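This report describes a protein chain through its strands, its rings and its core. The sequence and the model are shown first, and the description follows.

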Amino acid sequence: MKRTGMTLAAALMFAAAAMAQTGAPKPGPELKKLDVFVGMWTLAGTLKPGMMGSGGTMTENEKCEWMEGGFYLVCHSDYKSTMGNGVGLSVMGYSADDRAYTYREFNSSGEFEGAVDGDTWTWTSDQKMAGSTMKGRFTIQVTSATSYTFVFDMSQDGTKWSTVMEGKASKK
């Protein structure tokens, strides 16, 4: 029993020493692409008349900053629209295993997942509305280090999309 305890203690000390030599993991260079979203943003958009209602306007304020360690960008937002108001929390990162950017958003309307292609970021979701499930697609086109355009489309079947909202965002 004593021998097993000493062997276990030695193994733990060896593992701790190995971890100390390698140091804490470092964020990959792919994460630099997310720097464009760091800071305070103001979004203004137009809601199109259609399946979501009679249309109107939307405004949003968003603050994005790197989480301690630099692996994830965390954004807090509050929005107001003719369809209602809400808040959101989103987390962006990069999966080296999948070689893909990750996006998770939790807001007053639902949850989204996303991907990136060049300067175009696309997030998709399934949203329950009036007893049926609608598909949502939110697309951002980065136009500069301080601005981007956005479009939100919805579909009943995932093939025919209707634009529900579009607008521009600018960094404060």
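Which residue in β3 stands opposite Trp-66? Leu-73 in β3 stands opposite Trp-66.

## Basis of the description

This is a predicted model, in which local features need pLDDT of at least 70 and side-chain atom pairs count only at pLDDT 80 or more, whereas totals for chains, interfaces and linings use all residues. Residues are numbered from 1 along each chain as its sequence is written, and side-chain values use heavy atoms, with hydrogens and water left out.

## Overall architecture

The protein chain holds one helix and 10 strands, where helices (H or I, at least four residues) and strands (E, at least two) are DSSP runs numbered from the N terminus. Read from the N terminus on, the order of the elements is α-β-β-β-β-β-β-β-β-β-β.

Of the 172 residues in the protein chain, 30% are buried; buried means under 20% relative accessible area, exposed over 50%, and partly exposed in between, with a 1.4 Å probe and protein chains only. Among contacts (heavy atoms within 4.5 Å) between residues at least 6 apart in sequence, 35% join residues at least 24 apart.

Strands β1 and β2 pair in the antiparallel sense over nine bridges, and Ala-44 has Thr-59 in β2 as its bridge partner. Strands β2 and β3 also pair in the antiparallel sense, over nine bridges, and their hairpin has six residues between the strands, with Gly-69 taking a positive phi near 100 degrees.

Gly-39 belongs to strand β1 and, when residues up to four places away in sequence are not counted, touches Glu-62, Lys-63 and Cys-64. The C-alpha atoms of Gly-39 and Trp-66 are separated by 9.6 Å, although the two residues are 27 residues apart along the chain.

The side chain of Ser-81 reaches the backbone nitrogen of Met-83 at 3.1 Å and the backbone oxygen of Gly-84 at 2.9 Å. Leaving aside neighbours within four places in sequence, Ser-81 is in contact with Leu-47, Thr-57 and Met-58.

Gly-86 is found in strand β4 (residues 84-95) and is buried, with a relative accessible area of 13%. Not counting residues up to four places away in sequence, Gly-86 touches Ser-77, Asp-78, Tyr-79 and Ser-108, while the C-alpha atoms of Gly-86 and Glu-60, 26 residues apart along the chain, are separated by 9.4 Å.

## Aromatic pairs

The structure holds 10 aromatic pairs; rings of Phe, Tyr and Trp (its six-membered ring) pair if their centres lie within 6.5 Å, and planes under 30 degrees apart count as stacked, over 60 as edge-to-face and the rest as tilted. The rings of Phe-37 and Trp-121 have centres 5.1 Å apart and planes at 80 degrees, so this pair is edge-to-face. The pair links distant parts of the chain, 84 residues apart, with Phe-37 in the loop between α1 (2-22) and β1 (39-47) and Trp-121 in strand β7 (residues 120-129). Both Phe-37 and Trp-121 are buried.

The rings of Trp-121 and Trp-123 have their centres 6.5 Å apart and their planes at 20 degrees, so this pair is stacked. Trp-121 counts as buried because its relative accessibility is 3%, and Trp-123 counts as buried at 3% relative accessibility. Ring pairs link a cluster whose members include Phe-37, Trp-41, Trp-121, Trp-123, Tyr-148 and Phe-150.

A charge sits over a ring if NZ of Lys or CZ of Arg is within 6 Å of the ring centre and within 35 degrees of the ring normal; Arg-137 lies over the face of Trp-161, at 4.1 Å from the ring centre.

## The nonpolar core

A nonpolar core is a set of buried Ala, Val, Leu, Ile, Met, Phe, Trp, Tyr and Cys residues joined through side-chain atoms within 4.5 Å. The largest nonpolar core has 28 residues, and Phe-37 and Ile-140 are those with the most contacts inside it. Strands that each supply at least two residues of this core include β1, β2 (56-66), β3 (73-81), β5 (100-107), β7, β8 (132-144), β9 (147-155) and β10 (162-171).

Leaving aside neighbours within four places in sequence, Ile-140 is in contact with Phe-37, Asp-119, Thr-120, Trp-121, Trp-123, Tyr-148, Thr-149 and Phe-150.

Conventions:
Pairing = 2+ DSSP bridges. Polar contact = N/O pair within 3.5 Å; in protein donor to acceptor, adjacent residues only side chain to side chain.
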